Structures are given as structure tokens and as C-alpha cells.
Amino acid sequence: MSLYCAKGGVDTELSPPQLRRLLGESLAMLGERSRVLVVPPDMSRLSSHAGELTHCAWEYYGDQLQAVLPALGTHAPMQPDQIARMFGKMPPELFRAHNWRTDVETLGEVPARFIHEQSEGRLDYAWPAQVNRLITRGNFDLILSIGQVVPHEVIGMANYNKNILIGSGGRDAINRSHYLGAVYGMERIMGRADNPVRRVLNYASDLFLRHLPIVYVLTVVGRAADESLAVRGLFIGDDVECFQRASALSLKVNFEILKTPLKKAVVYLDPEEFHSTWLGNKAVYRTRMALADGAELVILAPGVNTFGEDKAIDALIRKYGYRGTPATLEAVNSNQDLANDLSAAAHLIHGSSESRFKITWCPGHLSKQEVENVGFQYGDLESMSARYDPQKLSHGFNRVGSEDIFFISNPGLGLWAHRSRL
């Protein structure tokens, strides 16, 4: 087990040439490889610099880089313009689209007794370790799993083996891991590298992924003084130490602890990255521990045009809505369609305020009726954007008229919490 690169700190700013050099030096340590697969995130992690690093790997290996498999999870396949935007001038034919319902094979199972233990007795199912067949049957002698470590609602800290086991995973793996996190409690998981969901994935990695030549390339990205993005760290290795070091830095860079609970937060969702509430509810996940009881969260979402990332999940969200944990658990117990899609059920729990604060969605392409039917309050995007102009607000506290608001321009970059909720 090896750590090839561990470069970073809270004040570090790694430039593109530095990233290229550090990646190249690490790949040289691996020795010659003839068939390389890269597994990066998709457009929803544009700020990760994974696109840039994937492009660097292609330049380094040339024809030896045989395929790129974006870790879509349940997300929609990347479109050609998105691929070009994120990865630059790489050959389009290198890219494969992962289908989480059909493209996987099961390598083994984490036993039900372990899930029962990790869920504190709430769940009794086994967890299948599933990955895209290209990973196991592509005869690759190097699999580069590239991504960003940042606080995450399902897994505590994003990336590492999640990129493989969930990002390229199958229906049951995604459903059951997401539901485990929701039932255990999102606020008990976010920002913690060690938690029940991560333990399940680590168990599976130790037993079922060791034969695969996986090397992890992990970034930590923060906000610079001028509010641009800065790469604070790069960690490359083939075991958990790489992830642990990146997680420790990410907590320092991406976790903002507030002195007082927020009465009003405004979150902007970049239309290039966020097209659905499935993705855009990061605005809810990442701020919920910072919001006071009775607070309001305003979500400005010019690109959002749907709820789910595929038609089946979209239909479930429209049918059951974001009604809170008790209502969702009851719906799972009473309705086979939701019981068969536990990741959708987990998402409905994660996206609910549990009636503790108000969520006002201001989407560019959903109607007032559609938004209110799933349990959110609707806000007109044009008037709300004029009032809370993302181009004029700075990150953090702002005075808008007679209001004090907290503005976040990219919820995917962090986690915000008040001390009372830690």
C-alpha cells in the first residue's frame, strides 16, 4: 500500500502546472502501464479539478489511456458539450456512460448482520458490492479514480471508494447505502470520515476490490480570498491513508462553523452544474445544521428543470414529495414502488426541513404548482434574483435592505453548521 503524493494545507494554492507536475511524478512511480481507465466525477463536480487532472492523465499516457468512465451514480449521462466543458479537447470516443440499472456486476456482499450493527438495529438487509463491468472486465492495468474530498450528506466525506462502489455502482448498492445514511441520520454523518456508510464501503473494498489496480487521485478545493476557487491539496495513493489525509484537510478548508444560527440563507446554483432538485438539494443538505428554527432558505436555481435525474426517480419525487422522515418511512412501508427505490426515499428525507425551517425554491424551469406539490415554497426566480443578486453578494453575511442574509455561491464546496448542532 502506497501514498504517492500528499501535498497541501489551508493556505496552499496549487496552480495548474503544479497539479500537472505532481500527478506526473506520481504516475511515474507506478511504472509503465498499457491499459488505463480513468473514473472521474461528472459535471456536478466541475469545481473538483477532476476534469483537468483527467486531461493531464490523457496527455501523460496517450493511447495507453483506453477509456474514461464518469462516475454518474444515478445522475443523467454527460452530454457532449458538458464533456468538452469539463475535460477539454479529449477524444469524445474515450468516454463511456454508466447505467446504474443495467451495467453492473456484483462482486460480493457485506452481510446483513454488519448492516444491522451499523444501523443500530434499524436495518437488516445485506449490501451488494457492485461496480460497472468495464472496471472488472476491461483488463486494465491501472484504474485512476479521480475526485474531490468534501463534506457529503450520504457518506460523510465524499470520494475515495465511493467513487467506485457508488459512482459506478448498481441499483441495490446505491439504494441501500443511501437509505442506511438517511435512517442513521444525515446530521450525524456529514463532515465525518468515519461513519456507518463509509464502514460498509471500506468493508467491501477490503474484501472485493483488492484485486483491482485502483489508484485514488483526490483534491481538496476551497475558496480563495478573492472568492475564486483554489486547490488546497492533492493526495494520491492506493489505500485509505490517502483519503484520511485529504479528509483532515477538507475539514479545515470546507467546514465553516458559525457563531449564531442563520435566520436567512440564500444559495445560488450554477446552471451549468445543477439541473434538478436531486442535485440542487445540496443547498438544503449543506446548510441545514446552520439554520435556526423558523429560518428561511432561499435557493436560486436558474438551470433547474426537473426533480429527478431520470424519469423513474422524478416520478417518485413528484408522487411522494419532501414530507419529512416519518412520512417517508411510512410511505416506504406502505408502497412497493418507493420501497423498491430506497435511494429516492433517502433523497426525500435528506431534502426535507423536517418542518424546522422554510425552503423556498426559485427554479428557472419548474412551475409554482410543481414546486408546491412536492412540499416546498415557491419563489419567482426573476424577482428573487433581483432582490438577492448573486453578482452583487459576497460569500457570507450581507445586508440586503433591512435583512441580514448569509450567501453561498456554491453549496458543493462546503458544509455550514452552528455549534449547537455539532
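Me: Is the crossing of α13 and α16 left-handed or right-handed?
Reply: The crossing of α13 and α16 is right-handed, a term for the near helix being turned clockwise from the far one by less than a right angle. Helices here are DSSP runs (H or I, at least four residues), numbered from the N terminus. The model is predicted, with local features needing pLDDT of at least 70, side-chain atom pairs counting only at pLDDT 80 or more, and totals for chains, interfaces and linings using all residues. Residues are numbered from 1 along each chain as its sequence is written, and side-chain values use heavy atoms, leaving out hydrogens and water.

Me: At what angle do α13 and α16 pack?
Reply: Helix α13 (residues 311-320) and helix α16 (residues 342-350) pack at about 45°, and their axes, lines fitted to C-alpha atoms over the stretch in contact, are 10 Å apart. Angles run from 0 to 180 degrees between N-to-C directions.

Me: Which residues of α13 and α16 meet?
Reply: In α13, Ile-313, Leu-316, Ile-317 and Tyr-320 meet Ser-343, Ala-344, His-347 and Leu-348 of α16, where contact means heavy atoms within 4.5 Å.

Me: Changing topic, how many disulfides does the structure hold?
Reply: The structure holds 0 disulfides (pairs of cysteine sulfur atoms within 2.5 Å). For Cys-5, the nearest cysteine sulfur is that of Cys-242, 8.6 Å away.

Me: And is Cys-5 buried or exposed?
Reply: Cys-5 is buried, at a relative accessible area of 7%; buried means under 20%, exposed over 50% and partly exposed in between, with a 1.4 Å probe and protein chains only.

Me: What about Cys-56, where is its nearest cysteine sulfur?
Reply: Cys-56 is in no disulfide, and the nearest cysteine sulfur, that of Cys-5, is 13 Å away. Cys-56 is buried, with a relative accessible area of 7%.

Methods:
Helices (H or I, at least four residues) and strands (E, at least two) are DSSP runs, numbered from the N terminus.
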